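Please open the model in a viewer and follow the stops below in order.

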Amino acid sequence: MNLLKKEFRLCLHPTAPLFLMLCTMILIPNYPYAVSFFYMTLGVFFICLTGRETHDAAFTAALPVSRKQMVHGRIGMVCCLELADIIAAAVMLWVKSLIGFTPNQAGMDANIALLGEGFILFGLFNLIFFPNWYKNINKVGVPFLLSSAAVFVYILLAIVSTYAVPFVRDCLDTQDPAHLPEKLLFIGAALLFFTGATWLSERASGKRFAMVDLQL
Amino acid sequence: MAANNAPLSVRGLTKKYPAFELRDVTFDLVPGAITGFIGRNGAGKTTTLNSLLGFIRPDGGEVSFFGLDMKTSAEAIKQRIGFVSAGMTYYTGKKLKTITDVTRAFYPGWDDGTYRKYMSQFGLDEGKTPAALSNGMKIKYALALALSHGADLMLLDEPTSGLDPVSREELIEIFLSLRDAGKTILFSTHITSDLDKCADRILFLQKGQLTADMELENFRTQYLLAEIQGELPENVKALTKGVCRVRDGYTALIQADDAKAAGIPCRAATLDEIMVHLDKEEAAQ
């Protein structure tokens, strides 16, 4: 808990909470809404980049905490931000439903299944970014490039699936509240993926970070 | 459990890099003393300190603090030590108050009274950010944090480098008052004149190897310095522990016991002169 407090008070980059506001992109007609989640991963990139400049690792490593706890603190903060982004997206979906539904030609409609897409995107990002970054915390660019590449391939596949995969096209990519059980099932599965991927990510990151020399 | 209860005990510490190797570093710190950790740039002082704190993983050796093994009790140990590095400025844009609030939460033994006392003694304003502090004030803030959680051992990595003489003097007085209060200090520096003023003991590191671990006075009185105008006599050349070229001739470091045999006038050497001459000799070999 202390580390989470430290992450939020000393490491949070101002762009991360600002990027929460980009969930308003859900109000744009015919837009790949999953991209709005990508901006939060960009916020995570800035947090890690700034941490390098402010010697965050040196400060934290001198505190009475283990390397695994350091990893837990950082990934914990990122999960909080990601969940906040999902909640903000849910609010925007509700706002959009008040304005009036229009089908989306660029991927998933603005419906609750989009939240499932968000969970998958964040799970994928966490799974690739953190284990690569914790190999060398001074090199943020390559891990972000790798995770972003995976995220954009996923976004592309998600858009294509709204045309090519019958279950997505006929059940998920529809106006709420149609096919609500299927959509809730999809969100549940996506949440499960997010949890599993983040757990695996933290495990792998903790192991790697425990072995590396900190280049302070 | 480690073999002894010294504030810091290091046995056979090794770390190998492609271009540098820390070799079999072994020493114990004496409680309540200031130990100067000297050596030229690149001798391995920071590598040693980083290995002690677990920032880098040593290839071999054992490190224990207060009888606790660093491998198994790192968190408990860090409750009792303070690390201050001149090269590190943390969270430049955050207010000191925020950094303190966060730090305080990690230490059950945190004493707010002590913190206030040192902040006031050092003239630090909590409303400022590290970016707005001079190098000397940054060190003082780091010291205030370390002392407020009751650190018994202070590991200081080049705390006086980059400071003006007045600020250095001020810090040395603080270190001496900490020693008087029973704190143990390991003080890494290449500015040996600072240690002349405050150190009780010396650890001398050359090319990754510890070549001296003794009381400062014994280290200093081991050697004498000969100032020679013109060419260096052959009999002195054979006895010297290091020679430096100066404007009118040479200075030669000679073991005190060999001074009579050299047959030339010698004077006491400063720590700086001893370090420079010994390093010259090491480089020549």
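Two residues count as being in contact if their C-beta atoms, placed from the backbone, lie within 7 Å. The model shown here is predicted.

**First stop: where the chains meet.** Select chain A and chain B together. Here 21 residues of chain B are in contact with 19 residues of chain A. On the chain B side, please highlight helix H2 (70-78) and helix H3 (96-104), the elements that give two or more residues to the side touching chain A. That side of chain B consists of twelve nonpolar, five polar and four charged residues.

**Second stop: the domains of chain B.** Next, colour residues 9-218 of chain B as domain 1 and residues 222-284 as domain 2. Taken over C-alpha atoms, the centres of domain 1 and domain 2 of chain B are separated by 33 Å. Nine residues from domain 1 of chain B and eight residues from domain 2 of chain B make up the contact between them. Within domain 1, select helix H7 (residues 192-198) of chain B: four residues, the largest share of the side that touches domain 2, come from this helix. By class, that side of domain 1 of chain B holds two nonpolar, four polar and three charged residues.

Finally, select residues 271-284 of chain B, which form helix H11. Which residues of H11(B) are buried? They are B:Leu271, B:Ile274, B:Met275, B:His277 and B:Leu278. The length of helix H11 of chain B can also be checked: because its 14 residues should span 20 Å at 1.5 Å a residue, the 20 Å between its end C-alpha atoms agrees with expectation.

Notes:
Residues numbered from 1 in each chain as written. Chains lettered and ligands numbered in written order. Predicted model: local features only at pLDDT ≥ 70, side-chain atom pairs only at ≥ 80, totals over all residues. Nonpolar A, V, L, I, M, F, W, Y, C, P; charged D, E, K, R; others polar. Expected span 1.5 Å × (residues − 1). Buried ≥ 20, exposed ≤ 12 C-beta atoms within 10 Å, placed from the backbone. Domains from an automatic or database assignment.
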